[in-house]
Amino acid sequence: MARKIWRGLRGLLLLLSLACLAVLLMALPAAAQTSPDTVNYNSANLQNQDFSHQDLRGKAFVGAEMRGINFEGSNLTN
């Protein structure tokens, strides 16, 4: 009888552990807060784009793919 209870508890613990792991793996990073008039590049694919010499103050790039992007001479304040 005790073995059946132990197996049941062990199975429940395994199920809860897997559920917690799934929640952690599916969690999204918090997005930066932006004002309504701010251009939002969050999670965008911006690979190899040219943003050189632009005023990008306050623009949001959270989680964006930016390999090869050119920000030369741009204002990225805030």
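How many aromatic pairs does the structure hold? The structure holds 5 aromatic pairs, a pair being rings of Phe, Tyr or Trp (its six-membered ring) whose centres lie within 6.5 Å. This tour visits some of them after a view of the whole chain.

**Before starting**

The model is predicted, so local features need pLDDT of at least 70 and side-chain atom pairs count only at pLDDT 80 or more, while totals for chains, interfaces and linings use all residues. Residues are numbered from 1 along each chain as its sequence is written, and side-chain values use heavy atoms, with hydrogens and water left out.

**The whole chain**

Display the protein chain as a cartoon. There are 1 helix and 0 strands in it; helices (H or I, at least four residues) and strands (E, at least two) are DSSP runs, numbered from the N terminus. Of its 78 residues, 14% count as buried, where buried means under 20% relative accessible area, exposed over 50%, and partly exposed in between (1.4 Å probe, protein chains only).

Switch to a surface view. The protein chain exposes about 6600 Å², and carbon and sulfur atoms supply 59% of that area; accessible areas come from the Shrake-Rupley method with a 1.4 Å probe, and for residues only the protein chains shown count as cover. Among contacts in the protein chain with a separation of 6 or more, 5% are between residues 24 or more positions apart. Contact here means heavy atoms within 4.5 Å.

**Stop 1: the helix and its patch**

Select Met 1, Ile 5, Trp 6, Leu 9, Leu 12, Leu 15 and Leu 16. Together they make a nonpolar surface patch of about 830 Å². Patches are made of residues with over 30% relative accessible area and no salt bridge, with like charges joined within 9 Å and nonpolar side chains (Val, Leu, Ile, Met, Phe, Trp, Tyr) within 5 Å. One member, Leu 12, is found in helix α1 and is partly exposed, at 44% relative accessible area.

**Stop 2: Phe 51 and its ring partners**

Select Phe 51 and Phe 61. The two form an edge-to-face aromatic pair, 6.0 Å centre to centre with 85° between the planes; planes under 30 degrees apart count as stacked, over 60 as edge-to-face and the rest as tilted. Both residues lie in the segment after α1 (2–26), 10 residues apart. Phe 51 counts as buried because its relative accessibility is 7%, and Phe 61 counts as buried at 16%.

Phe 51 and Phe 71 are 20 residues apart, each in the segment after α1. Phe 71 is partly exposed, with a relative accessible area of 21%.

**Stop 3: the nonpolar core**

Which residues make up the largest nonpolar core? Select Leu 46, Phe 51, Leu 56, Phe 61, Ala 64 and Ile 69, 6 residues in all. A nonpolar core is a set of buried Ala, Val, Leu, Ile, Met, Phe, Trp, Tyr and Cys residues joined through side-chain atoms within 4.5 Å.

Centre the view on Phe 61. Leaving aside neighbours within four places in sequence, Phe 61 is in contact with Tyr 41, Asn 42, Leu 46, Leu 56, Met 66 and Phe 71.

Is Ser 74 buried or exposed? Ser 74 counts as buried, at 16% relative accessibility. Again setting aside neighbours within four places in sequence, the contacts of Ser 74 are Phe 51, Ser 52, His 53, Gln 54 and Leu 56.

**Stop 4: the salt bridges**

There are 2 salt bridges, each a side-chain nitrogen of Lys or Arg within 4 Å of a carboxyl oxygen of Asp or Glu. Select Arg 57 and Asp 55, whose side chains meet at 2.5 Å, N to O. Arg 57 is partly exposed at 49%, and Asp 55 is partly exposed at 42%.

Then select Arg 67 and Glu 65, whose closest N and O atoms are 3.5 Å apart. Arg 67 is exposed, with a relative accessible area of 59%, whereas Glu 65 counts as partly exposed at 27%.

**Stop 5: two backbone angles**

Finish with Ser 43 and His 53. Ser 43 is a residue other than glycine with a positive phi, near 60°, and it counts as exposed at 62% relative accessibility. His 53, also not a glycine, has a positive phi of about 55°. His 53 is exposed, with a relative accessible area of 61%.
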